[in-house]
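Biologist: I have the model open next to the sequence. Can you walk me through a few spots?

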Amino acid sequence: MNLTTLLNDYGVTAIVVLAWLSLYFVLVIWTFVYRYLVLNMALNNEKKCLEVLLSGRNALPKNSLLGSNLIGIDKKLTEPMLQYSLDKAIKDATIGLTFLGIVASTAPFIGLFGTVVEILEAFSKLGTNSKATLDVIAPVISKALVATAAGILTAVPAYSFNLFLKRKVFELNTYLQLQINVLISPKTNL
């Protein structure tokens, strides 16, 4: 199928909408895979750092996100410094989630826009033809609905991936907060 046939079948608006949604879909998949790998590595690292702290070592491991955010600070670790480091780590961990949320909420509307424009164009063409039967209208409407389907197909993974990655960030936040709790808790000898 060449570009001329595609333009004749769908129209410029539908092609632009489908290209936009295709780009969204590729970026959603890439964002999810990349952020999933980054968050999984961070989670595994923070689990190990928490285990080190729980084993009795009283210093924050340098490979912890908390420690890496405080490199160059020679002062004794305070709760505000640790909270700053936690906030920075969570901010960095949530990169890409806003994009997934935007795609999840806008993709169906972009698809719907393409469908509405295509249906309007189809009805304007059908208005010039006096034989507007179901055999003529049904294929035109089914072609127009492709844009809505593409919008939904893009939005569902974006929404699902967004929720999945938010859960990973929540787990990371929990491990970091546990590390802070261990570091600032008073040491008692039992």
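Modeller: Start with Ser64, which counts as buried because its relative accessibility is 0%; buried means under 20% relative accessible area, exposed over 50%, and partly exposed in between, with a 1.4 Å probe and protein chains only. This is a predicted model, where local features need pLDDT of at least 70 and side-chain atom pairs pLDDT 80 or more, while totals for chains, interfaces and linings use all residues. Residues are numbered from 1 along each chain as its sequence is written, and side-chain values use heavy atoms, with hydrogens and water left out.

Biologist: Where does Ser64 lie?

Modeller: Ser64 is in the loop between helix 2 and helix 3 (65-68). Helices are DSSP runs of H or I with at least four residues, numbered from the N terminus.

Biologist: And what does Ser64 touch?

Modeller: Not counting residues up to four places away in sequence, Ser64 touches Asn45, Glu46, Cys49, Leu176 and Gln179. Contact means heavy atoms within 4.5 Å.

Biologist: What else is Leu176 in contact with?

Modeller: Leaving aside neighbours within four places in sequence, the contacts of Leu176 include Leu65, Leu66, Leu86, Ala89 and Ile90.

Biologist: Which residues have the most contacts inside the largest nonpolar core?

Modeller: Leu21, Leu172 and Leu176, in a core of 35 residues. A nonpolar core is a set of buried Ala, Val, Leu, Ile, Met, Phe, Trp, Tyr and Cys residues joined through side-chain atoms within 4.5 Å. Helix 6 supplies the largest share of this core, 11 residues.

Biologist: Switching topic. How many aromatic pairs are there?

Modeller: Seven. Rings of Phe, Tyr and Trp (its six-membered ring) pair if their centres lie within 6.5 Å; planes under 30 degrees apart count as stacked, over 60 as edge-to-face and the rest as tilted. Trp30 and Tyr34 are stacked, because their ring centres are 5.4 Å apart and their planes are at 0°.

Biologist: How far apart are Trp30 and Tyr34 in helix 2?

Modeller: Four residues, so about one helical turn separates them. Trp30 counts as exposed at 55% relative accessibility, and Tyr34 as partly exposed at 42%.

Biologist: Which residues do ring pairs link into a cluster?

Modeller: Phe32, Tyr36, Phe161 and Phe164.

Biologist: Last one: which element gives the most to the lining of the second largest pocket?

Modeller: Helix 2, with five residues. A pocket is an open set of points on a 1 Å grid over the protein atoms alone, where a 1.4 Å probe fits, with protein on both sides within 12 Å along at least five of seven lines; lining residues have an atom within 4 Å of a point. Among the lining residues are Arg35, Asn69, Asp92 and Leu172.

Technical notes: Helix = DSSP H or I, 4+ residues; strand = E, 2+ residues; numbered from the N terminus.
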